Amino acid sequence: MSNKRRHAQAFPLTATLIGLAVAACLTIFAIKALTVKYQVIQGGDKLKRLEKELAELTIKNEDFQTEKDRLTSPPALIKAMESGLIALQKIDDKFVVTIGREKKLAAAGEGVK
Amino acid sequence: VSLTSRACLATYGMAALFTTLSARLYYLAGPRHEYYSALAQSVYEGKQVLPARRGAILDIHGSVLARNQPQRDIIIDDTVLAEYDEKTKRAKPVDHAKVAALLAPFLGEIIEPDGKKRPVTEDDVLKRIVKDRRYCVIKRKIPEDNWTQLAAALEKAKIRGVTSEQNFDRVYPAGKLLCHVVGFYGCETKTDPITKKEVGRDFKGIDGIERSMENWLAGQEGWRYYQKNGSGTEMASYRGEERAPRHGSNVRLTVDLNIQQIVEEELEKACRELRPKKATVIIMDPSTGAILAMANRPCYDPNLPGEAKPEMRDNHAVASFYEPGSTFKAISAAGVLNTPDLHTTLDSKIFCENGIISYPGGKVKDHHAYGWLTVSEIIAKSSNIGAIKLARSLKTQDRFYSLVRSFGFGTRTGIALPSETPGMLAPPSKWTPGTMYHMPFGHEVTATPLQVITATCVFANGGKLMMPKIVRDITDDAGHVLVDYPPQVVRENVITEKVARDMTTALEKVTSKIGTAIRARVPGFRVAGKTGTTQIFDHALGRYSTEDHTVSFVGYLPAEAPKFCCLVMIEDSATVNGAKDAGGLLAAPVFSKIAERTARQLGLEPDPALVAEEMEFRKNLAKEGR
């Protein structure tokens with residue numbers, strides 16, 4: 001005991017350094033923890049924003065799809081033709097090629113004139 | 001007081017204080033734990049419902065028949081309703097009138113109790129805002145575009161407290177087309193079965209496929225637990241348990257919208273001319289039982305179901321029955337041809353009693369006094385007495401009853417449409433002496449148009465009774481097939497293939513010069529079919545009307561390899577009555593027009609020789625003045 005006392009330093013340098021190192025570690029850990037928490041919150045908010053944007057785009061897409069279906073439905077097309085918005089030209093029967101007939105003639109080796 | 005005493009007093013006081021606090025702590029953490037933890041949870045935790053999207057209804061080619069149109073509900077939270085003050089840089093209360101003036105132009109129209117529409121006014125908005133209420137619904141279902149514009153206007157005016165919630169409208173782009181099959185989606189009132197009082201409302205498919213395929217279309221909503229911060233906003237990084245919604249599946253029908261359009265156009269033309277009480281057309285693929293088109297009159301627009309009268313919503317093809325009349329004679333004849341021990345063939349001759357036959361309690365007449373007719377002539381000329389004698393040759397009533405049942409009469413077909421009726425076919429024990437004198441030509445028996453066409457398809461497909469099919473498959477959003485509905489045979493060998501061929505030969509004669517349906521002919525194709533004309537029972541007179549009839553024609557083509565079967569049924573024409581109100585005169589021409597256009601749509605090749613023959617046939621008819 002007396003031997004220790006004899007070699008004791010006037011200033012507890014080692015203990016102070018250890019204390020400082022522990023304090024630094026704790027501070028860094030705390031800062032890191034806060035940073036991670038902040039990033040998690042930020043990430044969550046970003047995720048939420050992206051989710052919202054995706055939902056809005058999906059809704060817009062569905063809205064446009066529905067509008068497209070409405071405009072290309074048979075009643076809408078008939079109305080458009082009646083109003084002259086779509087002008088169709090009647091195809092003469094002589095220009096109509098029936099696929100079934102063509103195949104049958106081809107199979108019989110007669111070809112299509 | 002000595003120091004010791006004071007110390008003792010303080011110690012006892014402290015002990016009492018800590019004991020009380022400990023007891024309170026024990027009380028809160030022990031017996032009241034559940035209550036307070038639930039209370040705390042309700043403050044920082046919320047449950048969000050994740051709505052499921054309703055599936056679409058498509059035709060066989062993927063054309064949309066029903067889908068969702070996104071809409072917005074406009075909500076005001078009056079407790080946070082405020083505007084940003086530029087001077088103080090803080091939020092300040094905003095006048096309700098100012099908010100109403102801003103909102104009104106974007107809210108579209110409102111329907112008055114008398115059914116008239118008018119634009120939403122500021123007063124309408126003001127009436128909806130309730131002071132200090134957190135959830136005031138200002139207007140439901142405004143278009144997405146309106147909400148986008150309104151959100152921009154609110155942003156510009158720096159007003160907060162006005163939000164929107166997602167909603168949707170069910171849209172039917174094809175309008176009246178196929179309305180009875182598709183049905184509609186809406187609100188159904190739930191009533192208590194005992195008190196009969198309204199207990200709530202349920203949004204679901206009300207009619208047609210929307211109703212019968214509700215489980216597939218509706219999907220299942222999901223949910224998510226989340227944590228809120230002090231201002232009640234969700235903290236997305238602290239989400240808890242979650243179940244994703246299962247969106248509704250898409251239902252693809254067997255119906256071809258192009259053929260449906262043809263049917264609707266021709267039916268509309270016929271109805272404008274004949275003004276019937278009701279009319280039905282069905283087109284079916286005889287080999288698979290797939291319904292290619294189904295139309296009824298009267299009809300309605302499923303986008304406006306509230307404007308439809310109840311009779312407009314009836315799908316007569318499956319929900320109404322009628323006496324099939326002469327179309328039933330084919331069933332009677334087929335049964336006899338299919339019974340080998342009778343040795344009856346198409347050329348077997350039957351004596352038709354010169355137009356009148358008696359039975360105990362009554363008599364049956366033919367429209368012409370026929371003598372000897374072959375079986376095919378009985379069908380072609382539609383002899384009632386011939387049909388009776390054929391059916392009676394089966395000897396027993398049970399045999400005839402089993403025959404009729406084997407063609408699917410008296411039972412539901414099992415099609416995936418609601419309100420299907422089985423028709424009426426009494427068992428032989430309830431038959432009167434006259435039943436065997438009426439049922440062979442389609443009286444004293446009722447059937448739906450769908451049952452009649454399904455039974456006729458037995459002749460077209462070689463003797464199989466197919467289950468009518470309206471749903472092709474169920475798919476997810478990516479187009480993957482979840483459930484497939486293959487063709488289903490209800491009964492194999494109802495009749496033999498030979499009898500089916502013979503019947504086709506006989507039914508072809510119906511559209512020949514000697515038959516009752518020369519107007520059902522289609523240039524370039526051989527058509528087999530049968531007319532039907534039945535008197536309608538007049539409840540006021542207590543007897544069958546001689547003026548009003550249900551007329552029909554059911555046929556298929558090309559007769560040698562049928563690709564489709566079509567039934568036209570017209571009931572009680574307002575413009576044609578009496579003798580001219582007959583299947584061959586009213587229903588057959590409609591069939592002809594529909595069949596001609598449908599054949600073209602399906603890419604069937606008209607036979608040039610038959611086209612030339614048809615031209616010659618028509619010339620001869622014109623010469624004869626027919």
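Helices (H or I, at least four residues) and strands (E, at least two) are DSSP runs, numbered from the N terminus. The structure is a predicted model, in which local features need pLDDT of at least 70, side-chain atom pairs count only at pLDDT 80 or more, and totals for chains, interfaces and linings use all residues. Residues are numbered from 1 along each chain as its sequence is written, chains are lettered from A and ligands numbered from 1 in the order in which they are written, and side-chain values use heavy atoms, with hydrogens and water left out.

Q: Where does B:Pro298 lie in chain B?
A: B:Pro298 is placed in the loop between β18 (291-297) and α10 (316-319) of chain B.

Q: What is the omega of the cis peptide bond between B:Leu557 and B:Pro558?
A: Omega is about -15° for this cis bond. B:Pro558 belongs to the loop between β28 (543-557) and β29 (564-573) of chain B.

Q: What makes B:Lys141 count as partly exposed?
A: Buried means under 20% relative accessible area, exposed over 50%, and partly exposed in between (1.4 Å probe, protein chains only). The relative accessible area of B:Lys141 is 34%, so the residue is partly exposed. B:Lys141 lies in strand β8 (residues 136-143) of chain B and has a positive phi of about 55° although it is not a glycine.

Q: Why is B:Asn354 called partly exposed?
A: With a relative accessible area of 48%, B:Asn354 is therefore partly exposed. B:Asn354 sits in the loop between β19 (349-351) and β20 (356-359) of chain B, and its phi, near 55°, is positive in a residue other than glycine.

Q: Why is the pair A:Glu51 and B:Arg224 called a salt bridge?
A: A salt bridge is a side-chain nitrogen of Lys or Arg within 4 Å of a carboxyl oxygen of Asp or Glu. The N to O distance between the side chains of A:Glu51 and B:Arg224 is 3.7 Å, so the pair is a salt bridge. Between chain B and chain A the count is three salt bridges.

Q: Which elements give two or more residues to the side of chain B that touches chain A?
A: They are β3 (64-76), α5 (144-157), β10 (162-171) and α9 (257-274) of chain B. The largest share, six residues, comes from β3(B).
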